[in-house]
Amino acid sequence: MNYHKLTPSFFISSQIKISEIDSLKENGFTDVICNRPAQECSANEDPDVIREAVEKLGLNFFNNPLSNGQLSLDTISCQKSGGIKTLAYCTSGTRSGILWAFAMAGEIPTPKILECLVEAGFPMPHLSDQINSLAEDKSQ
């Protein structure tokens, strides 16, 4: 499995497979967040199938699908988990990175958020204004 580190406790990846679930526990993950809507998935990628496999290992699973045009403050806030080490996945990792960036607005300085995305291989400088705006809203 190829996952990308945003922080020491938060990683993103493309769609995970059932055959890769065991490696999540072996690598210390405690939480898995699915940001991919079920209608985009094949039967063996369905969030319920992944949930069952993840929970069998004693890991936490959160279904937080993000469809085109469906971004909301609820979806952003659900991107956070209280786990020790979290993996968020979607089709390519991009949606998971965007949700993480917005969830961290106001908690981590915007330049650091953008730097983490670049280091993970997901450069998104165009998010700067949106991150700043969310950070400002959170501070009020």
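**Helix over sheet**

Modeller: Helix α4 (residues 94-104) lies across β1, β2 (10-13) and β5 (86-89). This is a predicted model, by the way.

Colleague: At what angle does α4 run to β2?

Modeller: About 150 degrees.

Colleague: And the sheet, what's the strand order?

Modeller: The order is β1-β2-β5-β3-β4. That is an open sheet of 5 strands, and the pairing is mixed.

Colleague: Which strands sit at the edges?

Modeller: β1 (3-7) and β4 (60-63). Each pairs on one side only.

Colleague: How are neighbouring strands turned against each other on average?

Modeller: By 25 degrees, direction ignored.

Colleague: Parallel or antiparallel for β3 and β4?

Modeller: Parallel. Strand β3 (residues 31-34) pairs with β4 over 4 bridges. Within that pairing, Val32 has Phe61 of β4 as its bridge partner.

Colleague: New topic. Where is Lys85?

Modeller: In the loop between α3 (73-77) and β5.

Colleague: Buried or exposed?

Modeller: Lys85 is buried, yet it has no salt bridge.

Colleague: Which side chain of opposite charge is nearest to Lys85?

Modeller: Glu26, and that is 11 Å away. A salt bridge needs the nitrogen within 4 Å of a carboxyl oxygen.

Colleague: What lies 2.6 Å from a polar atom of the Lys85 side chain, then?

Modeller: The backbone oxygen of Asn27.

Colleague: What else does Lys85 touch?

Modeller: Leaving out residues up to four places away in sequence, Lys85 touches Ser9, Phe11, Asn27, Gly28, Phe29, Thr30 and Asp31.

Technical notes. Residues numbered from 1 in each chain as written. Predicted model: local features only at pLDDT ≥ 70, side-chain atom pairs only at ≥ 80, totals over all residues. Heavy atoms only, no water. Pairing = 2+ DSSP bridges. Helix = DSSP H or I, 4+ residues; strand = E, 2+ residues; numbered from the N terminus. Axes fitted to C-alpha atoms, helices over the stretch in contact; angles between N-to-C directions. Contact = heavy atoms within 4.5 Å. Buried < 20%, exposed > 50% of the residue type's maximum accessible area, 1.4 Å probe, protein only. Lys, Arg positive; Asp, Glu negative; His and termini not counted. Polar contact = N/O pair within 3.5 Å; in protein donor to acceptor, adjacent residues only side chain to side chain.
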